[in-house]
Amino acid sequence: MLSIQITEIKNFMAHLLSRETFDQFYLVEASVKMNISYHLDGHLNHDFFDTDTAEKPDRDYCLWREARPFVFNIIKGKRLPLGCKIVLGLPKGTIAFLIKESQCTFREEEIEGIYLNILYEQKKLTITTGISYRTFSLDKSLEHNVDDHMKKFLRDKKIC
């Protein structure tokens, strides 16, 4: 598990809320504490979509790019939020790539998800990675590979 303290909070939040940097991630959940608290559940309501059209997504979560404007509207303003927690998930294709690349013992169906947790509280911003497994294993090669990829992603985007 990777844990990074972000010192350039304004730069990171610009990437998160105003740019396409994280748009390919799924929104798992988001909570923002302002004058009231907001909670967004990223699960798609499949019953909302027409079944006989191409409109119905073949995924369980909305993409960050679809939810980003709503979160931005909640946070924008002169006052910083008291706290904020955003959990982003990697798409299944990316998980499959990371499993293959890491040469680990896991199969795709054994991984519930790979997550990027963004936590802002007490004027500090921390990013952590996490993997939810459906089975137990002592194999940590996937975790190391995910952490290496996330570090490179953040460096390439000039976030940390």
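Visitor: Is Thr-128 buried or exposed?

Guide: Start with a cut-off: buried means under 20% relative accessible area. In this predicted model, Thr-128 has a relative accessible area of 17%, so Thr-128 is buried.

Visitor: Where does Thr-128 lie, and which residues is Thr-128 in contact with?

Guide: Thr-128 sits in strand β7, residues 124-133. Set aside its neighbours within four places in sequence. Then Thr-128 is in contact with Leu-2, Ser-3, Tyr-115, Leu-116 and Asn-117.

Visitor: How do I read two packed helices?

Guide: Two packed helices are described by the angle between their axes and the distance between the axes. Here, take helix α1 (residues 9-18) and helix α2 (residues 64-75). Their axes come within 8 Å and cross at roughly 125°. That angle makes α1 oblique to α2.

Visitor: Which residues make the contact?

Guide: From α1 come Met-13, Leu-16, Leu-17 and Ser-18. From α2 come Trp-64, Arg-68, Val-71, Phe-72 and Ile-75. Sorted by type, the contact holds seven nonpolar residues, one polar and one charged.

Visitor: What about nonpolar cores?

Guide: In soluble globular proteins, nonpolar side chains tend to be buried together. In this model, the largest nonpolar core has 44 residues. Phe-12, Leu-16, Phe-22, Trp-64, Ile-86, Leu-88 and Leu-142 touch the most other members.

Visitor: Which residues does Leu-142 touch?

Guide: Leave out residues up to four places away in sequence. Leu-142 then touches Leu-98, Ile-99, Ser-102, Cys-104, Phe-106, Ile-111 and Ile-131. Another core, of six residues, lies apart from the largest one. Among its members are Tyr-26, Val-28, Tyr-61 and Tyr-115.

Notes
Residues numbered from 1 in each chain as written. Predicted model: local features only at pLDDT ≥ 70, side-chain atom pairs only at ≥ 80, totals over all residues. Heavy atoms only, no water. Axes fitted to C-alpha atoms, helices over the stretch in contact; angles between N-to-C directions. Helix = DSSP H or I, 4+ residues; strand = E, 2+ residues; numbered from the N terminus. Parallel < 35°, antiparallel > 145°, perpendicular 65-115°, else oblique. Contact = heavy atoms within 4.5 Å. Nonpolar A, V, L, I, M, F, W, Y, C, P; charged D, E, K, R; others polar. Core = buried A, V, L, I, M, F, W, Y, C linked by side-chain atoms within 4.5 Å. Buried < 20%, exposed > 50% of the residue type's maximum accessible area, 1.4 Å probe, protein only.
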